[in-house]
Amino acid sequence: MLKAFASQADLAEKKITFEQLSENAYAYTAEGDPNTGIVIGDDAVLVADAQATPVMAQDVIRRIREVTDKPIRYVLLTHYHAVRVLGASAYKADHIIASQDTRDLIVERGEADMKSEIERFPRLFRSVESVPGLTWPTLTFKGEMTLWLGKLEVRIMQLGRGHTKGDTVLWLPQQRVLFSGDLVEFGATPYAGDAYFQDWPHTLQAIAALRPAKLVPGRGAALSTPEQVQQGLDDTRNFVSELYASVEAGVASGKDVREIYGEARNKLKPKYGDWVIFDHCLPFDVTRAFDEATKYPDPRIWTAQRDQEMWQAMEG
Ligand SMILES: [Zn+2]
């Protein structure tokens, strides 16, 4: 029987944790479902990654209101993926911040990505009818910008490509807390269908060079010691590098993508098979790695139809 497509068979609700990491930083994490970061400044609140729908974002707002009544003025999109951006309207923020590269991806493939992601992972789009459409940044930057929330310095930086072309991290230098988006995962499989495999390890190196004391990954528990941060960076780099090396070797010996997928799966499953969404991600990740190792320097656009054709070719 064909394995259930992507995460359509994943229906179990996760337990939410809302924890304070420093004087100003909080993490909303969900046992491997997409995380949200919260920064409470002197006069305003910033939310990093919005959740998948406005109804789901209401739970983040409820937690924020348990600790502060300051206005939520900013939403930061760490990258363009629907599961992190489509809930943004719920916050009624003054500004939605994203890198120019992320905005370019929304223009080019936001619509296709929205349809594709909703079909891949229905549980993560609870009350999908509350989504008003695509989320458009109102404030874009190239490279880096700094936001001052009163005396709190919030640095918003593109340290390189990895999970997507537009990847952005949020860094609180005074408290050494970093929100990485999906550039770093912990106990969760990195999704690499839109990735730049050869750049990703260098970008992780740039994160490590900041020497974060704490790090909130895109998925998985908040990392609250330098040792845990290093573990999260190492795990992500090892997965990305091992997968790409396996695919590159298959390409070099002239194998087709389905055979290369089988080999990559056999190599990676013993080590990473218990990470959440392993079975969901691997076919997408190998497809993108194969593309990058052959003739597509940039990720091709995923559509709901291309998703199904790829799944059938790999798993059928
Ligand atoms: Zn993502």
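**Charges over a ring**

Modeller: Happy to. Let's start with Arg-161, which lies over the face of Tyr-196, at 3.9 Å from the ring centre. Keep in mind that this is a predicted model.

Colleague: What puts the charged end of Arg-288 over the ring of Tyr-196?

Modeller: The cut-off is 6 Å from the ring centre, along with an angle limit of 35 degrees from the ring normal. The charged end of Arg-288 is 5.6 Å from the centre of the Tyr-196 ring, and it sits over that ring.

**The zinc site**

Colleague: Which residues coordinate the zinc ion?

Modeller: His-79 through NE2, His-81 through ND1, His-163 through NE2 and Asp-182 through OD, at 2.1 to 2.3 Å. A donor has to be within 2.8 Å of the metal, so those distances of 2.1 to 2.3 Å qualify. Along the chain, the spacing of the donors reads H-x1-H-x81-H-x18-D.

Colleague: Why is the arrangement around the zinc ion called irregular?

Modeller: The four donor atoms subtend angles of 88 to 174 degrees.

Colleague: Where do His-81 and Asp-182 lie?

Modeller: His-81 is in the loop between strand 5 (72-76) and helix 2 (82-85), while Asp-182 is in strand 11 (residues 177-185). That pair ties together parts 101 residues apart in sequence.

Colleague: What makes His-81 buried?

Modeller: Buried means under 20% relative accessible area. His-81 has 3%, so it is buried. Asp-182 has 6%, so it is buried too.

**Aromatic pairs**

Colleague: How many aromatic pairs does a search of the whole structure find?

Modeller: It finds 10. One of them is Phe-5 with Trp-311, at 5.4 Å centre to centre and 85 degrees between the planes. Centres must lie within 6.5 Å, and planes over 60 degrees apart count as edge-to-face, so this pair is edge-to-face. Phe-5 sits in the segment before strand 1 (17-20) and Trp-311 in helix 8 (residues 304-315), 306 residues apart.

Colleague: Is Trp-311 buried or exposed?

Modeller: Buried, with a relative accessible area of 1%. Phe-5 counts as buried as well, at 6%.

Modeller: Then there's Phe-284 with Trp-302, another edge-to-face pair, at 5.0 Å centre to centre and 75 degrees between the planes. Phe-284 belongs to helix 7 (residues 278-293) and Trp-302 to the loop between helix 7 and helix 8. Both Phe-284 and Trp-302 are buried. Ring pairs join Phe-5, Tyr-191, Phe-284, Trp-302 and Trp-311 into a cluster.

**Positive phi and a buried threonine**

Colleague: What is there to notice about the phi of Ala-6?

Modeller: Most residues other than glycine have a negative phi. Ala-6 is not a glycine, yet its phi is positive, about 45 degrees. Gln-51, also not a glycine, has a positive phi of about 80 degrees. You'll find Gln-51 in the loop between strand 4 (45-48) and helix 1 (54-67).

Colleague: And how do you know that Thr-135 is buried?

Modeller: Its relative accessibility is 8%, and the limit is under 20%, so Thr-135 counts as buried. A polar atom of the Thr-135 side chain lies 2.7 Å from the backbone oxygen of Val-85. Beyond its neighbours within four places in sequence, Thr-135 touches residues including Leu-77, Leu-86 and Ile-106.

Note on methods:
Residues are numbered from 1 along each chain as its sequence is written. This is a predicted model: local features need pLDDT of at least 70, side-chain atom pairs count only at pLDDT 80 or more; totals for chains, interfaces and linings use all residues. Side-chain values use heavy atoms; hydrogens and water are left out. Rings of Phe, Tyr and Trp (its six-membered ring) pair if their centres lie within 6.5 Å; planes under 30 degrees apart count as stacked, over 60 as edge-to-face and the rest as tilted. Helices (H or I, at least four residues) and strands (E, at least two) are DSSP runs, numbered from the N terminus. Buried means under 20% relative accessible area, exposed over 50%, partly exposed in between (1.4 Å probe, protein chains only). Donors are N, O and S atoms within 2.8 Å of the metal (3.2 Å for Na, K and Ca); water is not among the atoms, so sites may look incomplete. Four donors count as tetrahedral if all angles lie between 85 and 135 degrees; four count as square planar and six as octahedral if opposite donors are over 155 degrees apart and all others between 65 and 115; anything else is irregular. A polar contact is a pair of N or O atoms within 3.5 Å; within protein, one must be able to donate a hydrogen and the other to accept it, and residues adjacent in sequence count only if both atoms are side-chain atoms. Contact means heavy atoms within 4.5 Å.
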